[in-house]
Amino acid sequence: MREEPVAFGFLLLGGASAAIAAATHDLGIATALAALGAALGGIGVLILLSPVIGRAHAVEAPMVGAPLVVLRESFQSGPLGRQAIVSTVASLEQTRTRGAEARMSPDEERRLIASPLDEFRAWLDERLDLLERET
């Protein structure tokens, strides 16, 4: 069910109640109608915000070892996984250096992805050894 029509109905009733309260000469009735209008408007706002409120408190826990899982899946996907491997290693390096080092150029990345398997593995071994030494 979509919440918007119901919420806008409450907002409309709240506004109408507030308008009637403004036109009423009896202070007691005007106060009661204004309170009713505020309550109906508040319910309408809560209904509209309920999806956002529910998501705001849901904290997504990062998967432990997520970069390693991506690497493992990339190795299993063969040559197509090289792009994911290069991206993951670059991300780990940027996290380690807090973005201080320049990122690999697109041409260099394409050359690396298209390189022979032994050259690619040598590059990967070198980068992973560097990451291990510096952590």
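Contact here means heavy atoms within 4.5 Å. With that in hand, welcome to a few close-up views of this predicted model.

**View 1. Helix α4 alongside helix α6.** Here we look at α4, which covers residues 82-97, and α6, which covers residues 117-133. Their axes come within 11 Å and cross at roughly 20°. Angles under 35 degrees count as roughly parallel, and α4 and α6 are therefore roughly parallel to each other. The crossing of this pair, α4 with α6, is left-handed.

**View 2. The residues that join α4 and α6.** On the α4 side, the contact brings in R82, I85, V86, V89, L92, E93 and R96. Facing them from α6 are L117, F120, W123, L124, R127, L128, L130 and L131. Sorted by class, the contact of α4 with α6 has 11 nonpolar and 4 charged residues, with no polar ones.

**View 3. Helix α4 crossing helix α5.** Now we turn to α5, which spans residues 106-114. The axes of α4 and α5 are 9 Å apart, and the two helices pack at an angle of about 130°. That angle makes α4 oblique to α5. In passing α5, α4 makes a right-handed crossing.

**View 4. The residues that join α4 and α5.** From α4 come R82, Q83 and V86, and from α5 come E109, L112, I113 and A114. This contact of α4 with α5 holds 4 nonpolar residues, 1 polar residue and 2 charged residues.

**View 5. Aromatic rings in the whole structure.** How many aromatic pairs does a search of the whole structure find? The search finds 1 aromatic pair.

Note on methods
Residues are numbered from 1 along each chain as its sequence is written. This is a predicted model: local features need pLDDT of at least 70, side-chain atom pairs count only at pLDDT 80 or more; totals for chains, interfaces and linings use all residues. Side-chain values use heavy atoms; hydrogens and water are left out. Rings of Phe, Tyr and Trp (its six-membered ring) pair if their centres lie within 6.5 Å; planes under 30 degrees apart count as stacked, over 60 as edge-to-face and the rest as tilted. Axes are lines fitted to C-alpha atoms, for helices over the stretch in contact, and angles run from 0 to 180 degrees between N-to-C directions. Helices (H or I, at least four residues) and strands (E, at least two) are DSSP runs, numbered from the N terminus. Angles under 35 degrees count as roughly parallel, over 145 as roughly antiparallel, 65 to 115 as roughly perpendicular and the rest as oblique. A crossing is left-handed if the near helix is turned anticlockwise from the far one by less than a right angle, and right-handed if clockwise. Ala, Val, Leu, Ile, Met, Phe, Trp, Tyr, Cys and Pro count as nonpolar, Asp, Glu, Lys and Arg as charged, and the others, Gly among them, as polar.
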